[in-house]
Amino acid sequence: MTTSTNYTVDELISVCISRQIENGEVIGQGIATPLVMAGVLLAKLTRAPDILFASAIGGTICRDWAPMGLANIERPWLDHGLILLTFTQITCELLPRFHLREFFRPAQVDRQGNFNNVFIGGNYAQPQMRLPGSAGIADVTVFNERCMLYVPRHSRAVFVEKVDFVSGLGHTPDRPAGAGPRYCITNLGQFDFANGVMRLTTYHTGQSPDKIQPRPVSRLKSRRMCMKPKPPP
């Protein structure tokens, strides 16, 4: 068998996502997540034909799929919905009962899987950067055990020692129920959270553990970064 190398990194991420999906489960679909949806549809059409889609867009559950497209993203859920649910029903009945598998894209994530999609820098009232918000992340991650992460562009800005705000709950001892994320896929490799800590499991072709492993900033470089320029004479 010949191994194909004619693919993009985005296609690779979608394929890896599809392999995390188990037949018969319910998949949560967020808003404007084409990489995830491509992986979900691939799983639906190959190894997991009996999955159901739960949509945050239309408040519906669907069995049938539809072609992707941002221009008419609501159409699949409105045309193929089996049941229409209110937000209260989704939060209080659907999520706890079905334990959806859902993929989230964090703006920041720490080694325990806590992640942030609310703000970066400053504080909540006066942030340096305001992000889209947590949406349903806080509703799902406090009790679910099937949360997954994907990061299309692996960087130090995303993988941080401590997140600026916890909008998605990770592997923390004081969580009320469930567990933190199970899996993370990036453009460099795949990770799990063995013993509650992020761990590299595989790296993609052309990458290496040395490239993925964050390197500490040297003391000299750190000192130079912190030094203020002298005022002109």
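**Exercise 1. Find what share of the protein chain is buried.**

Solution. This is a predicted model. The protein chain has 233 residues. A residue is buried when its relative accessible area is under 20%. Buried residues make up 42% of the chain.

**Exercise 2. Describe the fold and surface of the chain in numbers.**

Solution. Start with secondary structure: there are seven helices and 13 strands. Next, take the contacts with a separation of 6 or more: 62% of them join residues 24 or more positions apart. Last, the surface: the accessible area is about 14,100 Å². Carbon and sulfur atoms hold 55% of that area.

**Exercise 3. Work out which side of α4 is buried and which is exposed.**

Solution. List the buried residues: Ile-90, Thr-91, Leu-94 and Leu-95. They cover an arc of only 125° around the axis, so they sit on the same side of α4. Now turn to the other side: Thr-88, Cys-92 and Arg-97 are exposed there, and exposed requires over 50% relative accessible area.

**Exercise 4. Name elements that cover the buried residues of α4, then look just past the helix.**

Solution. The cover includes strands β2 (52-55) and β3 (60-62). Helix α5 (137-141) is also part of the cover. Just after α4 comes His-99, with a positive phi of about 50°.

Notes. Residues numbered from 1 in each chain as written. Predicted model: local features only at pLDDT ≥ 70, side-chain atom pairs only at ≥ 80, totals over all residues. Heavy atoms only, no water. Helix = DSSP H or I, 4+ residues; strand = E, 2+ residues; numbered from the N terminus. Buried < 20%, exposed > 50% of the residue type's maximum accessible area, 1.4 Å probe, protein only. Contact = heavy atoms within 4.5 Å. Areas by Shrake-Rupley, 256 points an atom, 1.4 Å probe, with all protein chains shown as cover. Arc of directions from axis to C-beta.
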